[in-house]
Amino acid sequence: MLLLRFAGGLELWELLAYDWLVRSRPPLPQDQRIIIVEFDEIDIQKLDWPFSDATMAKLLATITAGQPRLIGLDVYRDQPVREGYEELSTLFKSTPNLIAIEKIIPKIALSSTDSSQDGRIIPKPPDLPAEQIGFNDLPADSSDNSIRRLMLYAKNTKEETRFSFSFKLAMQYLDATENIQPTMAPDGETVQLGKGWLSPLNPNDGGYIREDMGGHQVMLNYAGASGDFPRIALHEVLADDFDPTIFRNRIVLIGSVAPSLQDFSTTPYRQPSTLMSGVEVHANATRFLIDVALGNRQPIRTLPELVEIILIILGAGVGTFWVSHWRTVEGLTRPAALRTILQFTGAIAVIVGASYGAFLLSWWMPMIPVLLALSGATTVKFGVTLLEYLLQSYRQIEDYARTLELKVETRTEELRHKNHELEQTLVKLKTAQQQIIAQERLASLGSLTAGVAHEIQNPLNFVNNFARISGELTEEMAEELASVELEDDTQTLIDDILSEFKECVDTIRHNGQRIERIVDSMLSHTREGGGQAELVDLNIILHDAIELVEHTMVAKQSQWPLQKEILLVPELPPLLLVAKDFSKALINILTNALEAMERKRQQGNNPDYVPHLKVSTSANEGRVWIRIWDNGEGIPPEHHQKIFDPFFTTKPTGEGTGLGLSLAHQTLVSVHQGNITVNSEVGKFTEFVIDVSPTGAESLLQVTQQNTASTGLNTP
């Protein structure tokens, strides 16, 4: 948008927006300081255009008799015209309040009956001094040839400084009525006229791009549309058919309104077939300069170029980040069309309203570039969001198709193995495990594991009993066969069969016992606590737990070096805990730590490896902290979020049930309202950080007391 603007692509649009702002302002009341003496087609036909010097002398004499403040003659009189020249020359010399016109800038085309005059200068009347002359050149915009600017002064072809017609009229009026004279500001460019400051326009000010701003040009702040000044026809003046006081103390402008003379210009008050006459443009310019000097109006000012750039960027930013809205529904980003349209309309109203309000304060803001930046950004953002929504929909359809294929394959596999009892049980267990993890893990684990344990208990008892009986029968069979004499090959074959059978029975019994341990762990997982909450010393519980797991490990490994670093803060406050459950949770974590170090030691990768256990306590921020650190084999990052899930274990197959850390998590977090986090690096260390409140099991104690009170028992 910035490139388009500074390339001139928006200049005409900005000027048309400027015209709209001018037309939208409330019109000013009719100015009684200025009156226009106009002549139309009837006058020029009746009096034979160009008017003779005698006719012009009579007109000026009649107006002068009415005691005007100033007379502005917007008619070229650079040479005698038929009879009456001497009379007109005498009148010129004897009328010091008369201002006539000249044309000093060839490249500004002026409307005239003689088209050959366009592109050349037209000198002043020969009998008027230079101080009673003003040029009537009006700079037209190159984009549409409209008159929006006013030139205060410029240099002619001889490099002499000349003042414009309207500026001359305004200066002499202000000097005569208010004793105001224009001065130059210290910057050498700004003209101070009474209470007003008139700074020259630059080629890129406002909506202009590389416009010719020669001389001293300002924006022409029009008072209103055509017809806003008192008027009187020329033939009425010549016939003395008017009020003789009509000209008293006024500025009288004489000019053409005849279409055949083509002295009309396009202005911001353009209508399909309405132009403004040159004499009325000069009347608007004169009134504008007088109002500025008296402080009644301000000149149209433009913003610095950097501020305009910031406003354009701000418009694009509003369109991108505020106007465009979308909402996420079922994972899809959908454009919020209605909200976007409402906010887009509101943003446009704000920009237009701000531009209009600023224009009422005589500031010209870049309304069109900001609106286009807003519209473009909104359209692009809305289009991108819509495209993203379509792409997401397409990807979702693809994912749904793939998921549907997987569901069909899964269902087919289930139907194919419907009668296979063992695989059906595995599917149920996996489904139960997924339900436990998905539904707040431990919230419904108790009822599920209790049911599974009950279903497994009966067939497990049969397996264990028959395994025991089969072992006894095998021994009895071996004793009976020992008393029978058989051939050596037969005896050897029978002994091998009995040995293998006994091994199979032992394997069945061993796995049955392992299943029994799993069932016991599952039933332990379903129990609601191991006692009543009471105030205990955490250091004692932790010290006992460390000794217990160490003795257990030493019992398994008679020679097992362990380097301990126990830092227990003695000033810990008493904790409200269920001591049995809390101790069991700590034992589970410590046991996992020692077993991890033992597995690393048995790997033998580092002959100098020594198991190292650090346990510390502290009190901080109203909570008690426990840190358990070991230099074991560590936990892979992908398992950090799973180690507290029921049945999940990183131990080798056959070792552990995957419920120890789950029970610890349930006790520390759910029962005692604590937190537990894990930091680990594979092959280096693992650290469990536990923090609990001194009143961690307070809610459990309250429930216990309520239950006791309801049964009528006395509590200590």
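**Overall fold and sheets**

Q: Among contacts between residues at least 6 apart in sequence, what share joins residues at least 24 apart?
A: A contact here means heavy atoms within 4.5 Å. Of the contacts in the protein between residues at least 6 apart in sequence, those joining residues at least 24 apart make up 76%.

Q: What kind of model is this, and how many strands are there in the protein?
A: This is a predicted model, in which local features need pLDDT of at least 70 and side-chain atom pairs count only at pLDDT 80 or more, while totals for chains, interfaces and linings use all residues. Residues are numbered from 1 along each chain as its sequence is written, and side-chain values use heavy atoms, with hydrogens and water left out. Helices (H or I, at least four residues) and strands (E, at least two) are DSSP runs numbered from the N terminus. The protein has 18 helices, and its strands number 25.

Q: What percentage of the 716 residues is buried?
A: Buried means under 20% relative accessible area, exposed means over 50%, and partly exposed lies in between (1.4 Å probe, protein chains only). By that criterion, the buried part of the 716 residues is 42%.

Q: In S12, which residue is the bridge partner of Leu-70?
A: Strand S2 (residues 70–73) and strand S12 (residues 251–256) run parallel and are joined by four bridges. In S12, the partner of Leu-70 is Ile-251.

Q: What angle does the direction of helix H6 make with that of S6?
A: An open sheet of three strands has the order S6-S5-S10 with antiparallel pairing, and its edge strands are S6 (161–163) and S10 (216–219). Helix H6 (residues 165–177) packs on this sheet and touches S5 and S6. With axes taken as lines fitted to C-alpha atoms, for helices over the stretch in contact, and angles running from 0 to 180 degrees between N-to-C directions, the direction of H6 makes with that of S6 an angle of about 70°.

Q: Which residue in the hairpin of S22 and S23 takes a positive phi?
A: Strand S22 (residues 612–620) pairs with strand S23 (residues 623–630) in the antiparallel sense over eight bridges, and Val-615 stands opposite Ile-628 in S23. The hairpin has two residues between the strands, and the residue with a positive phi near 55° is Glu-621.

Q: Why does Thr-302 count as buried?
A: Thr-302 lies in strand S15 (residues 301–302). Leaving aside neighbours within four places in sequence, Thr-302 is in contact with Asp-205, Gly-206, Trp-363 and Trp-364. Thr-302 counts as buried because its relative accessibility is 18%.

Q: Is Leu-16 buried or exposed, or in between?
A: Leu-16 is found in helix H2 (residues 11–24). Because its relative accessible area is 36%, Leu-16 is partly exposed.

How values were computed:
Two strands pair if DSSP finds at least two bridges between them.
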